[in-house]
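Welcome! Here is a short briefing to read alongside the structure below.

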Amino acid sequence: MTSKSKAKSRIFEAVHETASDLHRLGFIDKRKMRKFDVLCLAPVPKYDGAKIRALRAHLQVSQSVLAAVLNTSLSTVRKWEVGDKHPSGPSLKLLNLLDRKGLDAVI
């Protein structure tokens, strides 16, 4: 819930840090903390086909391995790379995590 993701600005970072401390001390409940997370933390970037292909090449994995890591189908990864579909939700978050931290963070 309270992660070390990059904040939108220094002000948002300070607000989020204060809210995290208040949550830790029990003054803010989980629901309110999630609202601070959404408000203060930068959104996950979008991934197009070229960016997904580049990420896969950087990780040196096949489409089928990437699909297994993301818990999705091979055809979905193919459609992402061609541009017929775009990742969203948990897949988008996992792609971002793979991009930032590598395979070890997910496996």
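Let's start on the outside: Pro 90, Lys 93, Arg 100 and Lys 101 are exposed residues on the face of helix 6 turned away from its buried side. Here, exposed means over 50% relative accessible area, buried means under 20%, and partly exposed lies in between (1.4 Å probe, protein chains only). Helices are DSSP runs of H or I with at least four residues, numbered from the N terminus.

This is a predicted model, in which local features need pLDDT of at least 70 and side-chain atom pairs count only at pLDDT 80 or more, while totals for chains, interfaces and linings use all residues. Residues are numbered from 1 along each chain as its sequence is written, and side-chain values use heavy atoms, leaving out hydrogens and water.

- On the buried side of helix 6 you will find Ser 91, Leu 92, Leu 95, Asn 96 and Leu 98.
- These residues cover an arc of only 160 degrees around the axis, so they sit on the same side of helix 6; the arc is taken from the directions from the helix axis to the C-beta atoms.
- Helix 3 (49–59), helix 4 (63–70) and helix 5 (74–82) are included in what covers the buried residues of helix 6.

**Length and end of helix 6**

- After helix 6 comes Gly 102, with a positive phi near 95 degrees.

**A closer look at Ser 91**

- Ser 91 lies in helix 6 and counts as buried because its relative accessible area is 15%.
- Leaving aside residues up to four places away in sequence, Ser 91 touches Leu 70 and Trp 80, where contact means heavy atoms within 4.5 Å.

- The axes of helix 1 and helix 2 come within 10 Å and cross at roughly 165 degrees.
- That angle makes helix 1 roughly antiparallel to helix 2, a label for angles over 145 degrees.
- Among the residues of helix 1 that meet helix 2 are Phe 12, Val 15 and His 16; on the helix 2 side, they include Met 33, Phe 36 and Leu 39.
- Leu 25 is in the loop between helix 1 (10–24) and helix 2 (30–40), and counts as exposed at 55% relative accessibility.

Key:
Helices (H or I, at least four residues) and strands (E, at least two) are DSSP runs, numbered from the N terminus. Axes are lines fitted to C-alpha atoms, for helices over the stretch in contact, and angles run from 0 to 180 degrees between N-to-C directions. Angles under 35 degrees count as roughly parallel, over 145 as roughly antiparallel, 65 to 115 as roughly perpendicular and the rest as oblique.
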